[in-house]
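Please look at the pockets of this protein. What lines them?

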Amino acid sequence: MPRFAAGVVRFQNNVYPGKQDLFEELSQGQSPEALFITCSDSRIETAMITQTEPGQLFHARNAGNIVPPHTEHTGGMTAAIEYAVSVLKVPHIVVCGHTGCGAMNGAMHPDGLEGLDHVRKWLAYSKSAVDIVDELAPDGTPAERMQMLIEQNVLVQLQHLRTHPSVARRLAKGDLELHGWVYDIRTGDVSAFDADQNTFIRVDAHYASQIAQLAGDHGCAA
């Protein structure tokens, strides 16, 4: 805790003064550009990965970047999704998995979850992703199967997202986009699911035209 407290002091003394105008603006409300659903894993630093400022991402994190299908049961993920989509009107939702995911390892090897009843039940929301891997790569190496599971889990959670009424309404209107990402901790690479190619490709390739347009807009602004 002393390390964290010292970090707060450095933030107050060294960081906050340079961004005081931003924080004063944010104190009046938020208008994030995306709901970012990712794993609780301590190695995932979303602001660093996306190079975003406070106020730009609305976060929802849990073990395995899981989105339970919509039911009448109220849970934290359901409430966060509903609020982000219906109140904050985010135009994008990103589900971001990552390499070395302990939750996905648990989903693949549920026998190792003895005594973790809540974890086992939670990871059941990824069972269909495990089933897909068993169907498509029964003889794959452990590394190949795990990489496939990480990707398939992202796609399964995107399917679950579509069952939420608030998401379904916005998708029907055409003013909400869903994105599936996978972050490689070791290399820093991020890949995005490309529906046309039916595979994950590097973000710089998937969003090439949008990135070029953004660069052009910034050039014009300069």
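Some questions and answers on the pockets follow.

This is a predicted model: local features need pLDDT of at least 70, side-chain atom pairs count only at pLDDT 80 or more, and totals for chains, interfaces and linings use all residues. Residues are numbered from 1 along each chain as its sequence is written, and side-chain values use heavy atoms, without hydrogens and water.

Q: What is the volume of the largest pocket?
A: A pocket is an open set of points on a 1 Å grid over the protein atoms alone, where a 1.4 Å probe fits, with protein on both sides within 12 Å along at least five of seven lines. Points are joined across faces, edges and corners, and the volume is the space filled by probe spheres set on them. For the largest pocket this comes to about 740 Å³.

Q: Which residues are closest to the centre of the largest pocket?
A: Lining residues have an atom within 4 Å of a point. The largest pocket has 17 of them, and the closest to its centre are Glu-33, Thr-50, Thr-52, Trp-181 and Leu-214.

Q: Which element gives the most to the lining of the largest pocket?
A: Helices (H or I, at least four residues) and strands (E, at least two) are DSSP runs, numbered from the N terminus. β1 (34–39), β3 (92–98), β4 (177–183) and α11 (208–221) each supply at least two lining residues. With 3 residues, the top contributor is α11.

Q: Which element gives the most to the lining of the second largest pocket?
A: This pocket has a volume of about 240 Å³. Two or more residues come from each of α8 (142–161) and β4. With 4 residues, the one that gives the most is β4.
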